[in-house]
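Hello,

Please find the structure below, handed over for you to look through. My notes on what was found follow it.

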Amino acid sequence: GGLITGTGTNLLAGNITINGVIDNLTWTSGIIYGNPTVSSNGIMVVSGFGLDAHWIYGAMTNAGMIRLTNATLRCVGIGGQGQLINLPSGSVDIQADGQINNYAYSSEGVFNQGKILKSGGTNTSYITAQLYNSGTLDAQTGTLVIAGGDGAGVFQSEVGATLNFGNSYTVDGGGLITGTGTNLLAGNITI
């Protein structure tokens, strides 16, 4: 695959197949097919409103920074796809009440080895795709709801924020629930 880079604005507002590397991309709507990688120094901004505005058909790997600015990123798993893989060097920053959703297939999921944080917005953000966390999940403001999955990572809430284990989640051996905010253990939780 190729490389999307530059110091200007690379704007995606449609459907595209990417099997290369992303260094600089602002994604306002559409579908990404293929298996793109956000480079370790790369930034992808996902912006724009609507539950169906940004679909991943494939496996998107993040080694850099993905910023959700009041947008919904939807993992669509037709044919064993629909995965967001956040590597140890990667960060996914949910700003202004953004969301990471699933569609309806068992392959859809968020595999976090790095850091996922909710740093903006005072309302609720959801991760409805299955979350497999071996990194850090950090609710810094508002409420962050995780709807299912398992992991042995760190789950933390900051002062004034809530991390809500809203449906069914398993915190595996070595996992840590911590923080100075509220960790709401609702639903079917196994620790």
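F155 is buried, because its relative accessibility is 0%; buried means under 20% relative accessible area, exposed over 50%, and partly exposed in between (1.4 Å probe, protein chains only). Y169 is also buried, at 1% relative accessibility.

Before going on, some notes on the source. This is a predicted model, in which local features need pLDDT of at least 70 and side-chain atom pairs count only at pLDDT 80 or more, while totals for chains, interfaces and linings use all residues. Residues are numbered from 1 along each chain as its sequence is written, and side-chain values use heavy atoms, with hydrogens and water left out.

A search of the whole structure gives 8 aromatic pairs. Rings of Phe, Tyr and Trp (its six-membered ring) pair if their centres lie within 6.5 Å; planes under 30 degrees apart count as stacked, over 60 as edge-to-face and the rest as tilted.

One of these pairs is W55 with Y103, which is tilted, with 5.3 Å from centre to centre and 50 degrees between the planes. W55 is in strand β6 (residues 54-62) and Y103 is in the loop between β11 (99-102) and β12 (109-112), so the pair links distant parts of the chain, 48 residues apart. Strands (E, at least two residues) are DSSP runs, numbered from the N terminus, as are helices (H or I, at least four). W55 is buried at 13% relative accessibility, whereas Y103 is partly exposed at 43%.

F155 and Y169 form an edge-to-face pair, because their ring centres are 5.5 Å apart and their planes stand at 75 degrees. F155 lies in strand β18 (residues 154-157) and Y169 in strand β19 (residues 162-171), so this pair ties together parts 14 residues apart in sequence.

Ring pairs also link Y33, W55, Y57, Y103 and Y105 into a cluster. Y105 is in the loop between β11 and β12 and is partly exposed, with a relative accessible area of 38%.

Which residues form a nonpolar patch on the surface? They are I78, Y103 and Y105, with about 290 Å² of accessible area together. Accessible areas come from the Shrake-Rupley method with a 1.4 Å probe, and for residues only the protein chains shown count as cover.

Regards

Notes: Patch = residues over 30% accessible without salt bridge, like charges linked within 9 Å, V, L, I, M, F, W, Y side chains within 5 Å. Salt bridge = Lys/Arg side-chain N within 4 Å of Asp/Glu carboxyl O.
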